Amino acid sequence: MHSGTARAPLARDSFARSLFELLSSMRFAISLLTILSIASVVGTVVRQNDPFNAYLNQFGPFWFPVFETLGLYSVYNAPWFVVILGFLVLSTSLCIARQTAPMLREMRSYREHAREASLRLFAHQASFAPVLGAGEAVARSRQYLEQAGFRTRVNAREGATLIAARQGSAGRAGYFLAHGAIVLICIGGLLDGDLPLRLQMWLGDKQPTTGNQLIADIPESSRMGPGNPSFRGNVFIPEGRSTSFAVLAVGDQILLQELPFSLRLETFHVDHYENGMPKRFASDIVVIDRTSGAETPHTIEVNRPLQLHGITLYQSSFEDGGSRLHLKARSLLPGHPGVLMEPEGEVGRTLKLEHERFRYALELTDFKPFNVEDMSTGETIDTPQGMAKLQQHLGSGAKVPSDRDLRNIGPSFTFKLRDEAGQAREFHNYMLPVEQDGRWFLYSGLRDTQAEGFSYMRMPIDEDGRIDTWFAIRNLVLDPARRAELARRLAARSFGNDANAASLREPLAKSAEQVLGLFAQKGYETLGAFIEETVPAAERGQASDVLVRILQGAVWEAWLMVREAAGLAAPEATPARATYVNDGIAAISDSLFYGAPVYIQLEAYEQRQATVLQATRSPGQPLVYLGALLLVLGVFAMLYIRERRFFVLLKPGEALVAMSSNRKAMDVDETFERHAEGLRATLGVAAPATAPDMPPATDSNRGS
């Protein structure tokens, strides 16, 4: 029993010692640094703290939850990253504690007890016979070494005297500086991360809430007081309005951070390059002291932040601040042509669209006065999900140039149409026509969920620069009440009024009416399905050509009817007009999948901008700056302050000199030779004695 009881403390001591050895080992610290480096690369490649919908759209429904579980959308605040950072602080601190005592001993040590046999094994050593006496040789050797920048210590031993000298021992302080810098930087990172915030959430009664609610409706449990020691959030301020809160993102939820002052945005400035890209943006704000009410104006712009009460305000971005939009709701209901209503409202508001055939809520979500797009490749420069998706829907006629073609294609706005069942579809419409290959189109993007990209319908502009023509043609083609008339006119124009052609006109009219009826269901999709079901495979190509020609003729006839109703002359058939007809047919086919009874067109707007400032309180920032300075000093000390030790062993008739260095450098050999020659000159060198029974020295062996 006594033996077993004694083993337990020994086992515990052994485990504790092994754990200490692991945590304080350099390999463990390097492993942690490697993991953190990889995580930092991921944090650089993957944009951090974006809305979750953006990640869902980017990575898809399979990888999105995987990356969310790993915390890759906020790497630097992920629990595993914070834990690794904490272990790195612990490991580096233990490493410093473990190495401090032996390192200090080594820095203070002169190694004056080094043995002669060890000195003779040095890579850099030489011996010669001094002519000075022992006492004077010791004094002159110390004087020479001290003048050369060495510190010396003398050790007298039996039959010899050893002068031990050291130089550059302060270079070892670089070890403490570099490792201490890592500790400071990691502690600063922990303080500036969301660890303090999460501790308050774990220990207190703070709970994040959803972001789609008014500030007044956010509960007290989701509000952080102005004394919060560390935070990083966004401040949204429309022009002419003020706020005293910042929004802290916690996953896909938020916390409301109260600021010790209020901010009012007077004016937001945006300067642009010639192609429309933003060149400079800045905010003219007024800081209002919440105690005294004093107002102080400031201007914040990129790379010129403002510091107040320990909080730094950075110019982050800008958004719409509630611009007023003047809209037209153009009918897409066959048989009900024209503009059904002309609503107007501010971005962020919800309007009602009520008609005898439908009832919708129109939610105005965003407005952009300019959209800079790369029209050569479809790459979006300024607006996410813009023309990058558009090029996928241009068809085979869209040629993609190789050179970048940056263009500002004008204003756009985003909105949702929500039906009475609460189902919503999102739309992204451009205000101005966009030119593609010499043709002009109005673009309207749509998607069912934010996890998808926008799919764009492009509506052709006629030769007079009007979109009304296409809407009128579409109504004639899809209106069942006008279908028979359109088919008869097509047949009459194809065969004229000749009585002999009457037998041909009637079948063509019936075929045209049938084609229009099929096309009105799902456009080209219905025609393709009809051909596959009714035509043998060998004849489907020819049948497709026939149906397309009938459809083209019907749309051309509809265009003529539109011009007649407007009192305009019939247009001559030209290749450009034939292209307009084909573009119109494609747009009509796409409109059958539009999912809305109206097209909302932007007619005019009154812009109001808003600034987005990033408000940060970073108590760890001074530690990070201090750590960065110490790291530079530490690396400099370790690389450029070389530790060298020089030994002079004086014996009767012989002086043995040796040198060691902590780092093999190119100048070590030269340094040793210089000091060795200096000591030879200082101590004097006796003529080499003739060895007994040996011939006198000759020129060939005198130098030995």
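This passage describes the predicted model of a single chain, from its overall make-up to selected local features.

Because the model is predicted, local features need pLDDT of at least 70 and side-chain atom pairs count only at pLDDT 80 or more, while totals for chains, interfaces and linings use all residues. Residues are numbered from 1 along each chain as its sequence is written, and side-chain values use heavy atoms, with hydrogens and water left out.

The chain holds 17 helices and 28 strands. Helices (H or I, at least four residues) and strands (E, at least two) are DSSP runs, numbered from the N terminus. Of its 704 residues, 43% count as buried. Buried means under 20% relative accessible area, exposed means over 50%, and partly exposed lies in between (1.4 Å probe, protein chains only). The accessible surface of the chain comes to about 37,000 Å². Carbon and sulfur atoms account for 55% of that surface. Accessible areas come from the Shrake-Rupley method with a 1.4 Å probe; for residues, only the protein chains shown count as cover. Among contacts with a separation of 6 or more, 65% are between residues 24 or more positions apart. Contact means heavy atoms within 4.5 Å.

Salt bridges were examined next. A salt bridge is a side-chain nitrogen of Lys or Arg within 4 Å of a carboxyl oxygen of Asp or Glu. By this rule the count comes to 37 salt bridges. In one of them, the side chains of arginine 645 and glutamate 106 meet at 3.6 Å, N to O. This pair links distant parts of the chain, 539 residues apart. Arginine 645 lies in strand E27 (residues 644-651), and glutamate 106 lies in helix H4 (residues 79-108). Arginine 645 counts as buried because its relative accessibility is 2%.

Glutamate 654 and arginine 120 form another salt bridge, at 3.0 Å, N to O. Here too the pair links distant parts of the chain, 534 residues apart. Glutamate 654 belongs to strand E28 (residues 654-661), and arginine 120 to helix H5 (residues 116-120). Glutamate 654 is buried, at 19% relative accessibility, whereas arginine 120 is partly exposed, at 33%.

A further salt bridge joins arginine 349 and glutamate 346, with the closest N and O atoms 3.7 Å apart. Arginine 349 is partly exposed at 48% relative accessibility. Glutamate 346 is partly exposed as well, at 24%. Elsewhere, salt bridges that share partners join Glu106, Arg111, Arg172, Glu643 and Arg645 into one network.

The axes of helix H14 (residues 540-565) and helix H15 (residues 575-591) come within 10 Å and cross at roughly 105 degrees. Axes are lines fitted to C-alpha atoms, for helices over the stretch in contact, and angles run from 0 to 180 degrees between N-to-C directions. H14 and H15 are therefore roughly perpendicular to each other. Leu551, Gln552, Val555, Trp556 and Trp559 of H14 make the contact with Arg577, Tyr580, Val581, Asn582 and Ile585 of H15. Angles under 35 degrees count as roughly parallel, over 145 as roughly antiparallel, 65 to 115 as roughly perpendicular and the rest as oblique.

Arginine 540 also lies in H14. It is partly exposed, with a relative accessible area of 30%. Beyond residues up to four places away in sequence, arginine 540 touches Ile531, Glu532 and Val535. Its C-alpha atom is separated by 9.3 Å from that of glycine 528, 12 residues apart along the chain.

Helix H16 (residues 621-640) gives the most to the patch, with five residues. Isoleucine 185 comes from helix H7 (residues 173-192).

Two loop residues have positive phi values. Asparagine 303 has phi near 70 degrees. Asparagine 303 sits in the loop between strand E9 (295-301) and strand E10 (306-308), and is exposed at 75% relative accessible area. Aspartate 437 has phi near 55 degrees. Its place is the loop between strand E22 (434-436) and strand E23 (439-447). Aspartate 437 is partly exposed, at 40% relative accessibility.
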